[in-house]
Amino acid sequence: MAVDYDPAIIGRVFETTDPVPVSAEAIATFCTAIGETNPIHVDAAAAQKGPWGGITAPPSFAVTFRNGQHFFQHVPRFGKQGFDAGKDVEFGAPIRPGDAITLTSHVKEVYEKTGRTGSMVFVVVRSTLTNQHGEMVAHVDHKFMSRT
Amino acid sequence: MSEVTYASVQIGDTLGPQEFYLSKDQVRAYAKATGMWVPRFTDDEAARKEGLPGMITPGNMSLAIMSKLVSDWIGASGARMIRLGTTYRQPVLPDHTLTLQGFITHKSENDRTAEMDVWVESEEGDRLVIGTATVHFPR
Amino acid sequence: MTTTLDLHSHSEASEDSRAPLEAYLNWLKLKRTERPVDGVVLTEHRQFNQEGDYRALEDKFGILVLKASEVETDYGHVLVFGVTDEMTRRFDFANVHLPAQEVIDEVARMGGVAVPCHPGRPNVGLCEHYTHKPPLENVIAVEVLNGGSRRGEDERSEELVRQFGYSAVGGSDSHLVSLIGLCATRFEGEIRTAEDLVRELKSGSYAPVDFRPRRKPVPHAVPVEVK
């Protein structure tokens, strides 16, 4: 019983979002929420002397960017409920206040397996985050799991 | 404490264990900060209606917690996490004590990288979220 | 001479593991006293790597590496030992709804052994299927000790073994380097090849062994919400 989807979607970019601005406040709020106290993320004066010469967002800030409205039009859906099953992130340039981040996304893989909760289909979507300088900020492989 | 260096890292070295109490308010703060303000992450009653045991922690927050375990280990050494992969195995329920733990599992001389296992464990010892990370040590 | 093997492990060839085989072997070498296993069996999900040759790594670490597969059937997941070309032609290992009885019988006919794993696990284990379907025939052994089990699952597996008289094996089901070898199977005979393993599994002289450190007590001082 193979999973029914159009194999042509694999690797085809379905969306490039508008640039999302990153504010100093957004980074500060994020740090507070995860209990991050490292000066290179929270203290402008200390960060200036650090390896990046200014405040950078913690690496996990990279997964807070969203796909746009095209996501649900182009990513195949199986079953009723979707779950976030995990993410695999490769980090590039750090994210700084004032950056504008663009997400370019494609479906990387679709596969079926069975687990404790029944049959599941996994759709792996890769979003590449790019900053306003054209630098790769992160590749985020997002595993969506649907129960079928 | 001296900072970790590529040469000082040994396979079998540990990250943590760190125990911490994750409160519902912390989860709500994360949900609010990251635009994930949806009932399953903010409200027990609404989460139960979705068939969950109560409000759960967003996977992204678990990832952030694991990422912080790695960055705390890196400290001010100048090393950098270049990859983090996570699998969300079971829901992480707030208002419980969680244990964060990791082990250095591999080193690559050519890339000057160290690989590590990291996970979030429940009070019962179940590994709720598991992952691996790669840390690069520049020359 | 006895042989202790971790019969259930996933390396980076499985979609949900990133553990390189070399890191597994290095870890076992490092943890030799706590986890005294002689070898590991790679049971990659829904596939079999016919070409994989690990002799160089086996020699480097002095640890046996055998290949098998974990397939998915209408009675849950099944470890297939002694995989042959004939088997991979006969069954599509990627099919997650393989007919379990056919897998067991055909694998045996072709010279292998199919061992249902984590039977106590919901949906993907035998126990749940046995509540509403006839028990499978010709099952020799099941996995009663699995490093990935949640509370109660291995206990259910033990109950199944008592009821049906199956032999019992153990494996770590490791997806992370640091979890390899925590559960294993101790065989009375010597095992050097996949054929030896099949022979020993059929002989019935083996038992699961648990190398997991004892779990720390569950803290009680934590406020748990009352429903």
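1. The largest cavity holds about 80 Å³ of space. Of the 13 residues lining this cavity, B:T105, B:T132, C:R18, C:P20 and C:V177 sit closest to its centre. The count of cavities of 30 Å³ or more comes to one. For the record, on a 1 Å grid over the protein atoms alone, a cavity is a set of points where a 1.4 Å probe fits but cannot get out; lining residues have an atom within 4 Å of a point. Grid points are joined across faces, edges and corners, and the volume is the space filled by probe spheres set on the points.

2. Before going on, the ground rules: this is a predicted model, where local features need pLDDT of at least 70 and side-chain atom pairs count only at pLDDT 80 or more, while totals for chains, interfaces and linings use all residues. Residues are numbered from 1 along each chain as its sequence is written, chains are lettered from A and ligands numbered from 1 in the order in which they are written, and side-chain values use heavy atoms, with hydrogens and water left out.

3. In chain B, β3 (96-108) and β4 (113-121) each supply at least two lining residues, and β4(B) gives the most, with three. Strands here are DSSP runs of E, at least two residues, and helices are runs of H or I, at least four residues, both numbered from the N terminus. By class the lining has six nonpolar, four polar and three charged residues (nonpolar: Ala, Val, Leu, Ile, Met, Phe, Trp, Tyr, Cys and Pro; charged: Asp, Glu, Lys and Arg; polar: the others, Gly among them).

4. The second largest pocket has a volume of about 620 Å³. C:E58, C:L64, C:V65, C:L66 and C:R192 are the closest to its centre among 28 lining residues. A pocket, by the way, is an open set of points with protein on both sides within 12 Å along at least five of seven lines. α2 (55-61), β3 (64-73) and α7 (194-203) of chain C each supply at least two residues of that lining, with β3(C) giving the largest share, four residues. The lining divides into 12 nonpolar, seven polar and nine charged residues.

5. Now the C/B contact. It takes 23 residues from chain C and 30 from chain B, contact meaning heavy atoms within 4.5 Å. About 2300 Å² is buried, 54% of it from carbon and sulfur atoms; buried area is the accessible area (1.4 Å probe) that two parts lose on being put together, summed over both. There is one salt bridge between these chains (a side-chain nitrogen of Lys or Arg within 4 Å of a carboxyl oxygen of Asp or Glu). B:D126 forms a salt bridge with C:R151, the closest N and O atoms being 2.6 Å apart.

6. On to B/A, where 25 residues of chain B are in contact with 27 residues of chain A. These chains bury about 2100 Å², 51% of it on carbon and sulfur atoms. B:K68, B:R80 and B:Y88 lose the most area on the chain B side, together 24% of what that side buries. The rule finds one salt bridge across this interface; A:D88 and B:R83 meet in a salt bridge at 3.1 Å, N to O.

7. Finally, chain B overall: four helices and five strands, in the order β-α-α-α-α-β-β-β-β along the sequence. Its C-alpha atoms fill a box of roughly 50 × 30 × 25 Å, taken along the principal axes.
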